[in-house]
Amino acid sequence: IDGRLVKGGWRAPEVHEALDLCLSCKGCASDCPTGTDMATYKSEVLHQSYKGRLRPRSHYILGRLPMWARLSSRIAWLANLGLSTPGVRSVARWAAGVDQRRSLPTFARGSFSRWARRRPAVDAGGPRVLLWADSFTDFFSTDSGKSAVNVLEAAGYRVEFLARSACCGLTWITTGQLDKAREIVGEAVAQLHPYVAEGVPVVGLEPSCLAVLRSDAVELLDDSRAVEVAQGVFTLAELLRRTE
């Protein structure tokens with residue numbers, strides 16, 4: 001920033017210190033007059049710095065949270081019991097690299113995707129819409145997903161769901177695990193593209209996950225389908241605004 005050149009390249013302490021407080025929220029990409037995407041810089045720095053090397057604990061825990069959440073959701077009651085136990089809770093925070101003063105989310109009793117698959121089909125006779133559940137909605141905040149279904153049906157839409165869960169790879173991207181992130185977001189694009197190609201709007205409930213599909217997926221994948229998916233995903237508010 002001040003014009004000095006540092007030694008050490010990607011692994012230079014000065015580089016990591018400069019990026020340490022970046023939240024990877026991508027606010028700078030749209031709010032900063034220069035449009036500088038610091039989140040992408042940070043992901044690339046972490047990717048290059050830890051390629052083939054041992055990573056910080058948080059990269060294995062929080063960086064792969066959707067994977068752990070999917071496994072833990074099968075024994076949600078036991079996972080929640082452990083996270084509510086003082087000693088276990090402290091160890092979990094330490095392992096994840098989380099400050100001991102932070103609260104921890106609890107797992108939902110049953111994932112949103114499981115609820116959606118078992119839910120009786122409602123044919124409102126209106127236009128189709130695909131509700132794409134991100135990992136947090138799927139395994140932690142299922143009520144928001146269920147409420148979104150009610151809102152969409154009340155607006156006259158015929159709500160559909162993916163046959164199997166699709167993750168955008170956000171946590172892998174923010175921790176610089178780009179090789180795996182490319183694989184994960186590629187699978188998500190492959191699942192979402194058939195709907196977009198048919199003109200079915202895809203609604204996501206987590207803005208950060210939608211940002212991945214609108215930006216990171218296009219940058220990470222050499223796939224024209226990613227560009228089409230980026231143009232075919234909407235927030236709930238965006239879809240309702242265009243609803244007649």
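## Overall size

With 244 residues, a compact globule would have a radius of gyration near 18 Å; the protein has 20 Å, which agrees. That radius is taken over C-alpha atoms, and the globule rule is 2.2 Å times the number of residues to the power 0.38. Along the principal axes, the C-alpha atoms fill a box of roughly 65 × 45 × 30 Å.

This is a predicted model, where local features need pLDDT of at least 70, side-chain atom pairs count only at pLDDT 80 or more, and totals for chains, interfaces and linings use all residues. Residues are numbered from 1 along each chain as its sequence is written, and side-chain values use heavy atoms, with hydrogens and water left out.

## Fold and surface

The protein has 15 helices and 4 strands. These are DSSP runs numbered from the N terminus: helices are H or I with at least four residues, strands are E with at least two. Contact means heavy atoms within 4.5 Å. Among contacts between residues at least 6 apart in sequence, 70% join residues at least 24 apart.

Buried residues make up 40% of the 244 residues. Buried means under 20% relative accessible area, exposed over 50%, and partly exposed in between (1.4 Å probe, protein chains only). The accessible surface comes to about 13800 Å², and 56% of it belongs to carbon and sulfur atoms. Those areas come from the Shrake-Rupley method with a 1.4 Å probe; for residues, only the protein chains shown count as cover.

## Helix H14

Helix H14 spans residues 224-232, and its buried residues are Ala226, Val229, Ala230 and Gly232. What covers them includes helices H12 (178-197) and H13 (207-220), plus strands E3 (202-204) and E4 (233-235).

Asp223 caps the N-terminal end of H14. One of its side-chain oxygens lies 2.9 Å from the backbone nitrogen of Arg225.

Thr137 lies in helix H9 (residues 135-139). Thr137 counts as buried because its relative accessible area is 5%. Its side chain makes a polar contact of 2.8 Å with that of Asp134. A polar contact is a pair of N or O atoms within 3.5 Å; within protein, one must be able to donate a hydrogen and the other to accept it, and residues adjacent in sequence count only if both atoms are side-chain atoms. Leaving out residues up to four places away in sequence, Thr137 touches Phe112, Thr142, Ser144, Gly145 and Leu205.

Cys28 is found in helix H2 (residues 27-31). Its relative accessibility is 23%, so Cys28 counts as partly exposed. Cys28 and Ala39 are 11 residues apart in sequence and 8.3 Å apart in space, C-alpha to C-alpha.
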